[in-house]
Amino acid sequence: MADQDLATPDTAAPIRQPRQRSAPEPAAPRWRRRLVVLGLVLAAVNLRPTVTSLGPLLEEARADLGMSGTVAGLLTSMPAACFALFGIAAPRLARRWGPGAVVCVGLVAITVGLTARPLMGGTAGFLAASALAFAGIAVGNVLMPVIVKRWFPDRVGPMTGAYSMALSLGSAVAAAVTVPMTDALGGGWRAGLGAWAVLAGVAVLPWLVLARDRTGRAAATAPDPAPAPDPAPDSAAAPASAVPARTRITKSPTAWALAVFFGLQATGAYITMGWMSQVFRDAGVSASTSGLLLAVTMVMGVPLAFVLPSVAARLRTQGPLVAILGAFGLSAYIGLWLAPAGGAWVWAVLLGISNCSFPLALTMIGMRARTAAGVVRLSAFAQSTGYLLSIPGPLLVGALYQHTGGWDLPIALMAGLMLPQIAAGLLAGRDRAVEDEI
């Protein structure tokens with residue numbers, strides 16, 4: 001979740017293959033490329049605190065707002081729902097305004113949502129403000145790979161790793177410091193959640209400059225080239241057929257496998273972010289320690305999210321990485337079921353390693369299409385469809401928790417979902433390009 005200026009038609013092909021290049025466009029100033037890196041990092045840092053800052057304070061927020069366990073499950077499902085709904089609109093918005101401008105508006109939405117959320121006196125207003133922030137995150141989720149492809153076409157792996165690492169860092173910091181920061185601000189959960197709006201506001205600043213860059217619209221709008229053994233350099237500019245782009249992408253088995261893999265890993269991630277602190281608290285762990293445990297889970301993604309995409313980009317298939325990460329997840333869930341408090345730190349580490357399926361999925365999005373146009377369509381399809389598939393998971397966990405009063409069944413559900421995640425990831429990780437299947 002990098003220094004050539006513009007994507008070329010075949011830059012998403014696996015890096016072991018020689019690259020064909022079209023005539024380069026005029027080089028962008030070095031300061032602008034550096035500003036893009038800064039903007040990517042700051043945006044990524046803000047794509048998860050909206051979620052992970054709430055987990056350690058969920059019990060206090062529920063008590064104050066009168067929120068039931070089922071509604072809390074709905075809240076933890078909202079990120080996936082908003083990501084699916086607004087993520088599918090991101091390519092259309094990017095065609096009209098440019099990716100930079102859309103990301104900028106998304107960060108503004110995050111800032112406003114985080115500012116408004118703690119000011120709400122009831123559950124409905126709290127959910128609405130959260131949805132606004134999640135909508136802003138959604139467009140960032142989809143367009144980050146597109147911006148990487150546009151600015152850093154032959155360093156997709158390292159740059160994906162850089163912003164994935166920043167995303168994991170933001171997740172970890174929010175989980176770790178929200179409770180201490182809340183105590184420092186007077187002990188009210190509202191102040192602890194609202195403080196994260198300041199960080200989101202800072203992230204807007206570089207994108208106010210980058211929003212004026214319209215050159216990325218070509219990459220976001222160019223139709224996919226017709227499949228051919230040796231595509232011409234300008235084939236991205238010619239429509240493959242009269243079939244709409246979205247219809248074509250749905251014909252790709254690889255795109256569907258990637259969407260299912262993305263959806264199931266997102267299910268596990270949002271269950272972890274929304275409920276894992278509560279699992280530890282119900283096992284007798286204090287609120288502050290539960291927040292630290294969640295932070296450990298998130299921080300494991302910082303080094304791994306940087307290394308894993310580069311490793312994945314060098315492999316012919318990514319299936320072995322999918323299986324390894326899945327095995328870590330299964331081990332963590334078994335441990336949580338047997339001894340949630342006794343081995344809490346171990347389970348937190350194992351879950352953190354397993355959740356690195358997210359940067360792996362982002363890397364595969366960049367590798368399973370040959371063109372920038374293919375990447376934007378595959379990114380929108382895989383992420384939006386995946387997040388749509390992930391909606392029931394956190395909601396079902398909340399309902400099971402409320403009706404059983406314990407975590408045995410919810411944890412069994414989490415472990416059970418890991419098996420189809422591994423299967424879908426093995427299919428998505430095959431050496432394929434979606435252009436060859438549509």
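**View 1. Arg 48 over the ring of Phe 358, and the aromatic cluster to which Phe 358 belongs.** In this predicted model, Arg 48 lies over the face of Phe 358, at a distance of 5.2 Å from the ring centre. Phe 358 is itself a member of an aromatic cluster, which it forms with Phe 262 and Tyr 387. By the ring-pairing rule applied here, the count of aromatic pairs comes to seven.

**View 2. Arg 96 over the ring of Trp 97.** Here the arginine is Arg 96, which lies over the face of Trp 97, and the distance to the ring centre is given as 4.1 Å.

**View 3. Ser 53 in the loop between helices H2 and H3.** Ser 53 is placed in the loop that runs between helix H2 (49–52) and helix H3 (58–65). Because its relative accessibility is 0%, and buried means under 20%, Ser 53 counts as buried. From this position the side chain of Ser 53 reaches the backbone oxygen of Pro 49 at 2.5 Å.

**View 4. A nonpolar surface patch that includes Val 202 of helix H10.** Val 198, Val 202, Leu 205 and Leu 208 form a nonpolar patch on the surface, and together these residues have about 370 Å² of accessible area. Val 202, one of the patch residues, has its place in helix H10, which covers residues 196–210.

Notes: Residues numbered from 1 in each chain as written. Predicted model: local features only at pLDDT ≥ 70, side-chain atom pairs only at ≥ 80, totals over all residues. Heavy atoms only, no water. Patch = residues over 30% accessible without salt bridge, like charges linked within 9 Å, V, L, I, M, F, W, Y side chains within 5 Å. Areas by Shrake-Rupley, 256 points an atom, 1.4 Å probe, with all protein chains shown as cover. Salt bridge = Lys/Arg side-chain N within 4 Å of Asp/Glu carboxyl O. Helix = DSSP H or I, 4+ residues; strand = E, 2+ residues; numbered from the N terminus. Phe/Tyr/Trp six-rings, centres within 6.5 Å; stacked < 30°, edge-to-face > 60°. Lys NZ or Arg CZ within 6 Å of the ring centre and 35° of its normal. Buried < 20%, exposed > 50% of the residue type's maximum accessible area, 1.4 Å probe, protein only. Polar contact = N/O pair within 3.5 Å; in protein donor to acceptor, adjacent residues only side chain to side chain.
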